[in-house]
Amino acid sequence: MTTLLIFIVLVLVAIAIWQMTKIFELSQLRTESSQIANDGDNKNNGYMLFAFMVFTYLITIFCFWKYSKFFLPDASSAHGEEYDYLLLVSFVIIFIVQFITQFLLHYFGYKYRGKKGNKALFYADNDRLEFIWTIIPVIVLAGLILWGLYTWTEIMDVNEEDDPMIVELYAQQFNWTARYGGEDNVLGGANVRMIDIDRANVLGLDEGDTYAADDVIVKELHLPVGRKVNFKMRSQDVLHSAYMPHFRAQMNCVPGMITEFSFTPTKTTEEIRRDPDVMDKVKRTNEIRAERAARGEDNADPWEFDYVLLCNKICGKSHYNMQMKIIVETQEEYDAWINTQQTFGQTMAGNEPEPAFNTTLGVE
Ligand SMILES: [Cu+2]
């Protein structure tokens with residue numbers, strides 16, 4: 001009610017000011033009509049055009065200066081470098097073109113402003129000019145598009161060359177699970193209809209499939225550096241999207257089908273933590289966290305950078321927190337880690353459902 005009253009008061013005050021302005025205008029005795037722009041008005045508008053152009057340039061420079069710290073660090077995957085380079089070239093071209101065309105637009109707006117006695121020149125067309133401003137964008141755009149298509153085809157070509165490691169990324173509201181092919185590097189068959197929560201078969205693996213026995217199911221993704229990985233994505237419920245920004249990778253996870261993406265990690269977690277951009281980001285974040293800690297607020301523990309797999313489709317109320325840690329390490333470190341993990345066969349033979357997935361009480 002109070003809000004409504006304040007709103008009504010504000011509207012009435014606005015109307016009062018407007019009426020007073022009109023009275024003030026009427027009280028000014030003028031000989032000429034103020035509705036028609038004169039040379040002075042046009043000149044002022046011309047200057048304002050320039051001011052607006054300068055504002056556009058300055059705000060662009062300011063945003064780059066102030067916010068470029070939020071850019072992702074250099075790519076940590078083999079294809080990421082090519083991808084970033086394509087993006088950089090596209091942006092450089094866009095900025096050069098925008099700088100020139102915006103200048104011309106505002107300059108001519110000023111130069112040919114209305115002047116008393118000036119008459120517009122009748123100029124039907126100019127074939128040469130039209131040819132130039134058609135052919136240049138055609139060549140530039142065709143070049144960018146062809147280069148883009150080539151890069152896209154390279155990145156999206158998921159093949160079995162170079163002995164890739166096979167990893168499944170399994171999405172569900174609201175978490176990720178990863179599955180390795182195990183010793184044989186082959187994923188066992190799986191289907192959501194075979195999910196058996198009571199027996200800890202959370203991904204619905206086919207227990208009769210011999211390939212499934214050595215599969216390793218984990219909640220933290222470990223990848224050996226320099227080894228190509230072929231990801232096979234599945235979703236249990238709705239559309240999710242596996243997004244690994246530092247590796248410049250994203251692929252939708254669609255219920256009822258398997259989607260694929262492949263990349264080679266090129267930097268270990270230890271290496272990326274020493275990247276100046278990453279160190280800077282960690283420093284800034286931890287300064288904020290230290291302030292929080294001083295005020296006794298939550299979320300105040302010092303943060304350490306880690307690669308992350310995020311969900312990039314708004315898939316429900318806890319979508320924002322659907323993530324999984326990725327650790328890129330040396331082959332030896334990876335081998336040591338994977339050897340400590342239980343295989344699917346061992347988990348099933350253990351007969352001891354994992355507490356996290358156990359929904360029944362008193363299972364023997
Ligand atoms: Cu999701």
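**Sheets and packed helices in a predicted model**

The structure described here is a predicted model.

Strand β2 (residues 175-180) joins β3 through three bridges in the antiparallel sense. Within this pairing, Y180 has V216 in β3 as its bridge partner.

Strands of a sheet pair through backbone hydrogen bonds, in either a parallel or an antiparallel way. Two bridges connect β9 with strand β6 (residues 240-244), and these two strands run antiparallel. Here Y243 stands opposite L310 in β9. Strand β10 (residues 323-329) also pairs with β9 in the antiparallel sense, over four bridges. In that pairing, Y307 stands opposite I326 in β10. The two faces of β9 can be told apart: Y307, L309 and C311 form the covered face, while V308 and L310 form the uncovered one.

The helices come next. Two packed helices are described by the angle between their axes and the distance between the axes. For helix α3 (residues 78-111) and helix α4 (residues 127-156), the angle is about 165° and the axes are 11 Å apart. Because angles over 145 degrees count as roughly antiparallel, α3 is described as roughly antiparallel to α4. The crossing of α3 past α4 is left-handed. On the α3 side, the contact is made by H79, E82, Y83, L86, S90 and I93, and these meet V140, L144, W147, G148, T151, E154 and I155 of α4. Sorted by class, the residues of this contact of α3 with α4 comprise seven nonpolar, four polar and two charged.

Helix α3 also packs against helix α2 (residues 39-67), where the axes come within 8 Å and cross at roughly 165°. The helices α2 and α3 are therefore roughly antiparallel to each other. Here, too, the crossing is left-handed, as α2 passes α3. From α2, the residues G46, L49, F50, M53 and T56 take part, and from α3, Q102, F103, H106, G109 and Y110. The contact of α2 with α3 has five nonpolar and five polar residues, and no charged ones.

Methods:
Residues numbered from 1 in each chain as written. Predicted model: local features only at pLDDT ≥ 70, side-chain atom pairs only at ≥ 80, totals over all residues. Axes fitted to C-alpha atoms, helices over the stretch in contact; angles between N-to-C directions. Parallel < 35°, antiparallel > 145°, perpendicular 65-115°, else oblique. Left-handed = near helix turned anticlockwise from the far one by under 90°. Contact = placed C-beta atoms within 7 Å. Nonpolar A, V, L, I, M, F, W, Y, C, P; charged D, E, K, R; others polar. Buried ≥ 20, exposed ≤ 12 C-beta atoms within 10 Å, placed from the backbone. Pairing = 2+ DSSP bridges.
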